[in-house]
Amino acid sequence: MISFFIKRLLLLIPVFLAVSLVIFMIVHLVPGDPIDNLVQINSSPEQKAALAAKYGLDKPLYQQYAIWLGNALTGDLGDAIILRRPVSDLIAQNLPHSLSLGALALLFSTVVGIAAGTLAAIYKDSWIDRVTMTLILLGSTVPGFWLGLLLIMLFAVQLGWFPVSGARSWDALVLPVLTIGLGGVALVARVTRVAMMETARKDFVMMLHAKGVPPWQIELRHVLRHALLPVVTILSLRIGWILGGAVTVEFVFARPGLGSLLITSLNQRDYPVVQGALLMLAVAVMLGTLLGDIIQAAMDPRIRERIK
Amino acid sequence: MTLLSVQSISVSIGTLCPLESITFDIGKGEILGLVGESGSGKSLTAMCVMGLLPRIGGTVTKGSIVFDGRELIGLPEIELRRLRGKRIALISQNPMTSLDPIIRIGNQVDQVSILHLGLSAEAARARSLDLIAQLRIPEPAAIHRAYPHQLSGGMKQRIVIAMALAADPDLIVADEPTTALDVTIQAQIIQIMVELVRDRGLALMLITHDMGVVAQACDRVVVLYAGRVAEMNVIGEIFAQPKHPYTRELIRCIPRLGQERGSLKGIPGAVPSIVDYPDGCRFNPRCGDAQELCRNQVPALERKSSGLAACHFSEV
């Protein structure tokens, strides 16, 4: 198991290099010059060149990449051009908000999604299944920002149970978590249900019935365990999505977070921030899949065998 | 003494009727062979006896199955479940897919005695280790810890047999237990299984399409053809004097040592498809002696000089 972990970790190095190169390049391929944003109108070409030299933008690209990557690995992501603060500070300020929102939303969608999917699979074709699946269909089609607005109108404005926006107290988390989590619930429940129904058709399940094992035990101890394998995969892929893609929800609730930081700095062409935030998200996605792989290996001996 | 008595069972799945008037019985400690080609309804008969028919969408429309004096048809599922694994156990067709791939072998064997005999985890483990050793598997403790994918097909089938024996059942239903295995170990598995069954005085319903296995292992044989019983007799009589032309053909197909090269035989034609069974005797299109009567009238399963057969023209 430990050798598996180390091997998977080493495999991430080339992935990280490739991703970082793309992140570095994308920003240079986008039209628009950040220097133009910085200099005063009517500055001389010499002034512009001086500024470019200050930020290292006059060096060849490969050198810029090497410098940037070297610094990034030591935690120095450069200074924000517009915000004029170290990028690592900006990320450190925003990341906890994204993490708490993402972790809670992920937890919520995991627990509720698996429970709903299991119920729907066990009682398939009954009213329980139909009601659950209808809600799931609704949940997966309603866009997050709109659901967020509805929740604000009902629970914050009408009932006044939770704050409308911000991130000042714990109860400000409830509505954003619900907004992101419900979409996840739908996804997880659907995958759980289908995987359980697929597993239930396998020979070994018939054998369990032939052994006289009670149906609830078959469903929970055997079928669900198998069904969780694909669920772990989609959940691990969702980690990165929640951290970075929750931007519309962050926007609706006026919450700080990596997503809003990324969008703001993209609009301002604040390269160092964009690169830093993207790099953080890429690392989050990589760690997410790593975590997913480890959990799967812990659950399935066949995967452990394949890695050896 | 009769342990299991199956009386004119008919089964329907949707609009199809894959089993019609299946009748046979198994005595205590008896090994009964159930033979027939693919599609003759052997596995379905096994499902009926296990009470697992509803799981594959089938229903018994007619007849009765009495096990140890108790009618199984109409018995609530919870009662059936108490019989399954405890008094009637199944050895399935494909050992490669019959074990849960992510659970240790040992736990899957232990599960049966914990469930049905109320053993503690340690007692169940000891019992499983003992059983695994009896199945002549080297290093039982290592196997107990292993996962299914680490074992060969033959080893897995031994484990499935161990699971079947774990709660000391009275009847074992073995559905083509060696079909999925290499020829080299088929005989070995059958031998071990028959030996254990005989030692314990268990009844065995051995489903196979291999007449060689039948000759080797069984006391009595039921021959199925296209969802009906063609013939039933004790082993000596079946081979010495088959009453049904289909049985004769089956026996003729057994390859013999010293047989001329290129003289391997088959039965001409194929088992009719369930969607259009022929009228009359279902074997008539493949039977060399078929008459007008065979094409029009279903032959009843009648007592002959010995055993039962369903043929208009079996002389004896």
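These legends describe close-up views of a predicted model.

**View 1. An open antiparallel sheet in chain B.** Four strands of chain B form this open sheet, in the order E2-E1-E4-E5. Their pairing is antiparallel. Strand E2 (16-27) and strand E5 (70-71) of chain B sit at the edges. Each of these two pairs on one side only. One position to look for is B:Ile9, whose bridge partner in E2(B) is B:Ile22. Strands of a sheet pair through backbone hydrogen bonds.

**View 2. Strand E3 of chain B, covered on both faces.** Strand E3 of chain B spans residues 31-35. How many of its residues are buried? The count is 5 of 5, and the strand is mostly covered. In a regular strand, side chains alternate between the two faces of the sheet. Here B:Ile31, B:Gly33 and B:Val35 lie on one side. B:Leu32 and B:Leu34 lie on the other. Both sets are buried, leaving both faces of E3(B) covered.

**View 3. The parallel partners of E3(B).** Strand E8 of chain B (residues 203-208) pairs with E3(B) over 5 bridges, in the parallel sense. Strand E9 of chain B (residues 220-225) also runs parallel to E3(B), joined by 4 bridges. In E9(B), B:Val35 stands opposite B:Val223.

View 4. A:Leu9 belongs to helix H1 of chain A, which covers residues 2-29. Is A:Leu9 buried or partly exposed? With a relative accessible area of 36%, A:Leu9 is partly exposed.

**View 5. B:Gln111 and its contacts in chain A.** B:Gln111 lies in helix H4 of chain B, residues 105-117. Its relative accessible area is 11%, so B:Gln111 is buried. Which residues does B:Gln111 touch, leaving aside its neighbours within four places in sequence? The contacts are A:Leu208, A:Lys211, A:Val213, A:Gln217 and A:His222.

**View 6. A salt bridge in chain A.** The count over all chains comes to 23 salt bridges. One of them links A:Asp300 with A:Arg302. Their closest N and O atoms are 3.0 Å apart. A:Asp300 is buried at 4% relative accessibility. A:Arg302 is partly exposed, at 29%.

**View 7. B:Arg282 and B:Glu20, a salt bridge in chain B.** The closest N and O atoms of B:Arg282 and B:Glu20 are 2.7 Å apart. B:Arg282 lies in the loop between helix H11 (245-252) and helix H12 (292-296) of chain B, and B:Glu20 in strand E2 of chain B, so the pair ties together parts that are 262 residues apart in sequence. B:Arg282 is buried, with a relative accessible area of 8%. B:Glu20 counts as partly exposed, at 25%.

**View 8. B:Glu37 and B:Arg286, a buried salt bridge.** B:Glu37 forms a salt bridge with B:Arg286, with 3.2 Å between the closest N and O atoms. B:Glu37 lies in the loop between E3 and helix H1 (42-50) of chain B, while B:Arg286 lies in the loop between H11 and H12 of chain B, so the pair ties together parts that are 249 residues apart in sequence. Both B:Glu37 and B:Arg286 are buried. Elsewhere, salt bridges that share partners join B:Lys28, B:Asp68, B:Arg87 and B:Asp170 into one network.

Terms used: Residues are numbered from 1 along each chain as its sequence is written. Chains are lettered from A and ligands numbered from 1 in the order in which they are written. This is a predicted model: local features need pLDDT of at least 70, side-chain atom pairs count only at pLDDT 80 or more; totals for chains, interfaces and linings use all residues. Side-chain values use heavy atoms; hydrogens and water are left out. Two strands pair if DSSP finds at least two bridges between them. Buried means under 20% relative accessible area, exposed over 50%, partly exposed in between (1.4 Å probe, protein chains only). Contact means heavy atoms within 4.5 Å. A salt bridge is a side-chain nitrogen of Lys or Arg within 4 Å of a carboxyl oxygen of Asp or Glu.
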